[in-house]
Amino acid sequence: MRKAAVRGIEMAYDDVGAGPIVLCVHGFPLSHRLWLPTAERLSKSFRFLMPDLRGFGDSTATADASMSDYADDLAAFLDALRIDGPVDVMGLSMGGYIVFEFVRRHAAKAKALVLADTQAGSDTPEKAKFRLDAADKVLAEGLRFVVDSMTPNLFAPDASSMLVNEWRDIMLATDPRGAAAAMRAMASRADSTTTFAAIHQPTMVVVGEHDAITPPDVARVMADGIAGATLEVIPAIGHMSPVEAPDAYASIVGEFLEKLN
Ligand code: MLT
């Protein structure tokens, strides 16, 4: 893994391929490895910058973080790599929440958006309370209960146990401080439906047919609300599109980005 000094932390990242840059923002509690199958398949056409967010993977954890921290980290990361022009930005789930914040704070750095298995709405008060309680519990007990409760919702029921176990291990390796900070940040995130009108970047929304966390009807709200946005539903998979259907995901994303770059 490479490391970049960003806003007081070390940000670990992978950098694969050559061509127009795609900045990849993983979900919770995942890591940059979410994007490796896509990067492998499209490395001849694009350069994939895949950081571990603050507190995830091999990046430094801090006790607190906000959506604006994650978005500002990404902007500073691009600056640290001396990337001046706008880049394509792709985020899955929490990564999508961060992409909305990135567009609000750093619009000039975003050329096109891929919103994968994500949603624009904020948490209900009940969901926010649940996350805040879970954040305290994670700090006291570790991540196992979060991983156990999320796993059935992350993958389609017939996903291979090898894939599921690989991701359980990645999730369990997350620093509890990083996970707790992200849960608090998600609990207080803004409602991004009010950002739709400000999105002028070409946008594609992608979702797994059986995504149990951010289902297709929730994806459709973004595709209907963002001018010119398109929606792709990948059959027979769940919330983890890039790893559950790596060929289909890469081909859909590749086709969308090829047309723009
Ligand atoms: C994710 O996959 O990033 C999380 O499930 C998002 C969330 O909990 O809202």
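## Lining of the largest pocket

In this predicted model, the lining of the largest pocket comprises 15 nonpolar, eight polar and four charged residues. The pocket itself has a volume of about 560 Å³. A total of 27 residues line the largest pocket, and those closest to its centre are Lys127, Phe130, Arg131, Met150 and Ile213.

## Helices around the largest pocket

Four helices each contribute at least two residues to the lining of the largest pocket: H3 (94-106), H4 (125-141), H5 (144-154) and H7 (176-187). Of the lining of the largest pocket, the largest share comes from H5, which provides six residues.

The largest cavity holds about 40 Å³ of space.

The residues lining the largest cavity are Met67, Tyr97, Phe100, Glu101, Arg104, Gln119, Ala120, Arg189, Ala190 and Ser192. By class, this lining divides into five nonpolar, two polar and three charged residues. Helix H3 supplies the largest share of the cavity lining, with four residues.

## Helix H3 in both linings

Helix H3 (94-106) takes part in the lining of the largest pocket, with at least two residues, and H3 also gives four residues to the lining of the largest cavity. The largest share of the pocket lining, however, comes from H5.

Technical notes
Residues numbered from 1 in each chain as written. Predicted model: local features only at pLDDT ≥ 70, side-chain atom pairs only at ≥ 80, totals over all residues. Heavy atoms only, no water. 1 Å grid on protein atoms, 1.4 Å probe; cavity = no way out; pocket = protein on both sides within 12 Å on 5 of 7 lines; lining within 4 Å. Points joined across faces, edges and corners; volume = space filled by probe spheres on them. Nonpolar A, V, L, I, M, F, W, Y, C, P; charged D, E, K, R; others polar.
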